[in-house]
Amino acid sequence: MRPQLFYTPGTCALASLITCFDAGFDPEITYVSFAKGEQKTPEYLATNPKGRVPALKFGNTVVTETPAILGLLAELSPKAQLMPGEPLERAEVQSFNSYLCSTLHVAHAHRVRGYRWVDGIEHEEAMRRKVPEAVSACYRYIEETMPLKPYVFGQQYTLSDPYLFTISQWMESDGVDPGLFPKVRAHTEIMRERPSVSRALDIERDLTEA
């Protein structure tokens with residue numbers, strides 16, 4: 001069954017697109033324009049009431065939240081070996097992806113989505129000023145605790161790699177110098193060499209320019 005991926009360039013949906021290709025799927029991509037507010041339309045909210053991307057649809061079932069989507073793709077394509085075989089190792093991947101989702105991504109979102117947490121321009125601006133420090137702390141943790149040689153968990157490519165690659169694209173816009181985190185930066189460059197990543201970035205570029 002061909003999945004349908006609801007997608008917006010510049011978002012964490014890139015991780016799901018890369019993983020679709022890693023898992024051997026060629027998804028039907030439905031562009032959701034944030035600029036036009038399409039994520040808030042009744043049509044899209046009927047698919048994803050959260051009004052966010054990504055959303056991955058298989059038949060009548062819609063899966064949301066990046067860790068869940070990536071995990072599903074890995075389970076549907078065991079031959080792709082996107083998750084380790086041992087339960088404790090799989091838990092480590094899930095733990096890392098949860099950290100990206102609940103901590104690093106949220107720290108980034110304080111720059112662009114401050115209205116979710118506070119009211120008033122002055123409060124949103126205070127949150128934005130804090131973003132470089134908060135985001136840097138996340139990358140420092142990753143830099144100091146993860147192998148990243150060459151992938152997040154060492155030699156085996158896992159679901160954590162497209163997810164970290166996607167979020168790390170926002171470092172400079174978050175006011176973080178990539179040069180301070182050479183292992184993360186090297187990971188980004190290695191990821192760009194993968195066919196699945198190159199293919200996904202071409203699609204992202206085409207949608208951005210459309």
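Mentor: First, a term we will need: a residue is called buried when its relative accessible area is under 20%. Keep in mind too that this is a predicted model.

Trainee: Which residues of α6 are buried?
Mentor: Helix α6 spans residues 160-168 and is mostly covered, with nine of its nine residues buried. So by the cut-off of under 20%, the list runs S160, D161, P162, Y163, L164, F165, T166, I167 and S168.

Trainee: What do the buried residues of α6 pack against?
Mentor: Contact here means heavy atoms within 4.5 Å. By that criterion, the partners of the buried α6 residues are α1, α3 (66-76), α4 (87-112), α5 (121-145), α7 (182-192) and α8 (195-209).

Trainee: Is T19 buried or exposed?
Mentor: T19 sits in helix α1, residues 13-22. Leaving aside residues up to four places away in sequence, T19 touches L70, L73, L82, L159 and P162. Because its relative accessibility is 1%, T19 counts as buried.

Trainee: Why does G51 count as buried?
Mentor: Residues touched by G51, not counting those up to four places away in sequence, are Q39, Y44 and L45. The cut-off for buried is under 20%, so G51 counts as buried because its relative accessibility is 16%.

Trainee: What separates the C-alpha atoms of G51 and Q39?
Mentor: G51 and Q39 are twelve residues apart along the chain. Q39 is also one of the residues that G51 touches. Their C-alpha atoms are separated by 5.0 Å.

Terms used:
Residues are numbered from 1 along each chain as its sequence is written. This is a predicted model: local features need pLDDT of at least 70, side-chain atom pairs count only at pLDDT 80 or more; totals for chains, interfaces and linings use all residues. Side-chain values use heavy atoms; hydrogens and water are left out. Helices (H or I, at least four residues) and strands (E, at least two) are DSSP runs, numbered from the N terminus. Buried means under 20% relative accessible area, exposed over 50%, partly exposed in between (1.4 Å probe, protein chains only).
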